[in-house]
Each structure stands twice: as C-alpha cells, then as structure tokens.
Amino acid sequence: MTHTQRFIYLVAAVLALVSCGNTKGKKQAKAAQTQAETTNQAEAVVYFTKEITPESLIKIYEALGKEATGKVAVKISTGELGGHNYLSPDLIKPLIDKVNGTIVECNTAYEGSRSNTAAHRATIAEHGFDKIAKVDIMDEEGSIKIPVTDTTHIKYDLVGSHLANYDFMINLAHFKGHAMGGFGGVLKNQSIGVASAAGKAYIHTAGYTTDVVDMWNHVEDQDGFLESMAAAAQAVHNHLKGNIIYIDVMNKMSVDCDCDADPAEPKLQDMGIMASLDPVAVDQACLDKVFNMTPSEGNDNTDLVERINSLHGTHTVDYAEKLGLGTKKYKIICLD
C-alpha cells in the first residue's frame, strides 16, 4: 500500500466510524484518527458536540487529549453589565473545577463596567463568576510586553502582567458577532481578551497608540486591526509554548459581543461546542457552520453573516493561517 493509499484508507476509517450520530466503533475510530493525524499533519482535528452542558464541556476537553497542567488560566469574557449572553457560570464551573483553574480577564479600553479593576470586579460579582472560581484581572498591576512574530503593525503584544504566572491556558470563548471585529471566537479571546487595556488600544489602532482615550481617533485601518489581532493571538500561543487548548461555545449567538451592555437578541439557535488544539481551525469550523446553514423561521443566520462580512471579519482567520498559527483545513470528529 502506498503512502497516499494508506492515508486515504485511514481518513475513510475515521469518517466511517465517528460520523455524527454514530456511537459505535469509538475506540477503533480514535486509533484511526491518531494514525491519520500522524500521516497528514496539515489537517487539524476539530471536535464537535451538539450538547451544550457542563458534562459535554468536560467531554470535549478530555477528547482533545491535552491535559491542563501547572497553574491553569481559563480565559473567558466576564461580560459587560447589562449583557446576558456571556457563558453561564453554571456551564463552565465543572470544567474549571476539574483543572483547578483560575478565571482570567483584563480590563477594557472603552468606558463601561469593566474599564477599571474595581468596576470590573463588581461586574464579575454581579455575574456570579467569583462564586465559582478564583478570578484574576491580569492587568490589575499593569502590562508586560511579549514578542510578536509578525511586526507588520504591532511591534510587540502588550498583555496583562499576570499572564507570566500561568503555565497553561484554556481559551474558552463564546462564539458570537462583534461590532468591530465582525465576530468573536478563540482568536479574539486570545488577542484582545488577553491584552491589557493599553494593549487593546494598541491592537485596535494597528500599532498606532496605547492610549485608551486617543485610540478612538485611530481605528480606521480595519484590516490592520484584524491582522494585529492575529499577530497578538500568535504571540500568546508562543508565550505559553503552545500549552493552550481552544474551545468555542456556539450559544446565544447575537450579532453583538459580550462587551455590549445592550446586545441584540440572537436570531440563531444554539449549535453546540467546537474544540481543537488549533485556533485557526476551530474558528474556521464555527464560521463554516454559521455561513453554510440554511435559514429557517426562528433560526436565521442572515444578520450575523452580514455583520461578519461587513467588517471583513474572516480576514482574522485568513491572516492567522498566513502567519502559521494554524490551518483552515480541518476534519470534524463528532462526539455525539
């Protein structure tokens, strides 16, 4: 059997054994999947489950096969006061408990309920996150610079100084729209989300300023902003030496981000959870799921697709792939 024939056989075995809804042959499928991954490193594995429960979140984490060790940061968005689409504390608590994780966040670069540490902690308490885990506002004591591979726009990434305290990160993103980036998934959660307030200004202005007051006068370079996000996400990945797992939860998918205090009501039904060791692949898989669905009454992707397209949102994923952070080529392994 030639190398090519062997790879085709292995991939066919995976698809046959773990197609969605098929619960048979999981052990054989896992073995075939491992061999297929070894044969063709260019294609990423993205795990998927339709179930959005605490149990399914743990199940998809375990499927990734990369144990969170050392001091574990769980990066989420704690959500703006008034918003209601952020990930529920009840949903994420069992996973955080399992890995003995600390919820991590950074302050925002806009005026709101999370623009300074005191207000941010009050919002965290209002939303109940401090009741389920330790919460660390990573830029409470300032920023540190970490190197970027791509210096086209930003010359470094400015992150919360407490990032240096962690060995491993679970990038636990809520997939949804965004008023500036088009959409928010793991790439945004790891770039804007891990950046300090000053670092957010630096990314939003494509390297022009770290001044959170002046930044709004310099946000005209949309592609530069998106490319800066990709570069910053890669910087965090490299800083942690790849000790990151990537999870996108596709529920309450408004066109507006959790940073919006008055988000539009979602028009899409919940889709499930995607997870991968590759951030580009998992965001691309979520985008494909949203873009390729057929709208129906009570389940309409039109507004979210328009939001993403109007802001060239997919460019973040394209550019992250160009930088070598991951690949848009993937195969889905369904856990249902």
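Predicted model: local features only at pLDDT ≥ 70, side-chain atom pairs only at ≥ 80, totals over all residues.
## Salt bridges, cores and helix packing

Residues are numbered from 1 along each chain as its sequence is written, and side-chain values use heavy atoms, leaving out hydrogens and water.

What does K75 pair with? Its side chain meets that of E105 in a salt bridge at 3.4 Å, N to O. This link joins distant parts of the chain, since E105 sits in strand 3 (residues 102-105) and K75 in strand 2 (residues 72-75), 30 residues apart. A salt bridge, by the way, is a side-chain nitrogen of Lys or Arg within 4 Å of a carboxyl oxygen of Asp or Glu. Strands (E, at least two residues) and helices (H or I, at least four) are DSSP runs, numbered from the N terminus. E105 is buried too, at 3% relative accessibility.

In total, the structure holds 11 salt bridges. Another one of them joins D97 and K93, whose closest N and O atoms are 2.6 Å apart. These two residues are about one helical turn from each other, because they sit 4 residues apart in helix 4 (residues 89-99). D97 is partly exposed at 43% relative accessibility, and K93 is partly exposed at 32%.

Then there's K267 with D303, a salt bridge at 2.7 Å, N to O. K267 lies in the loop between strand 10 (244-250) and strand 11 (272-276), while D303 is in helix 10 (residues 302-310), so the bridge ties together parts 36 residues apart in sequence. Partly exposed again: K267 at 48% relative accessibility and D303 at 32%.

On to the cores. A nonpolar core is a set of buried Ala, Val, Leu, Ile, Met, Phe, Trp, Tyr and Cys residues joined through side-chain atoms within 4.5 Å. The largest has 59 residues, and F175, M250, M253, M274 and V290 touch the most other members. Helix 8 (residues 222-239) is the top contributor, with 9 residues. A separate core of 36 residues includes I58, I124, V135 and I247.

Now for the helix pairs. Axes are lines fitted to C-alpha atoms over the stretch in contact, with angles from 0 to 180 degrees between N-to-C directions.

| Helix pair | Axis distance | Angle |
|---|---|---|
| helix 3 (residues 54-63) and helix 4 | 7 Å | about 40 degrees |
| helix 8 and helix 11 (residues 315-323) | within 8 Å | roughly 50 degrees |

Helices 3 and 4 are therefore oblique to each other, and so are helices 8 and 11. Angles under 35 degrees count as roughly parallel, over 145 as roughly antiparallel, 65 to 115 as roughly perpendicular, and the rest as oblique. Helix 3 crosses helix 4 in a right-handed way; that is, the near helix is turned clockwise from the far one by less than a right angle. The crossing of helix 8 and helix 11 is right-handed as well.

Contacts (heavy atoms within 4.5 Å) between helix 8 and helix 11 involve, among others, L226, A230 and Q234 on the helix 8 side and Y319 and L323 on the helix 11 side.

Note on methods
Buried < 20%, exposed > 50% of the residue type's maximum accessible area, 1.4 Å probe, protein only.
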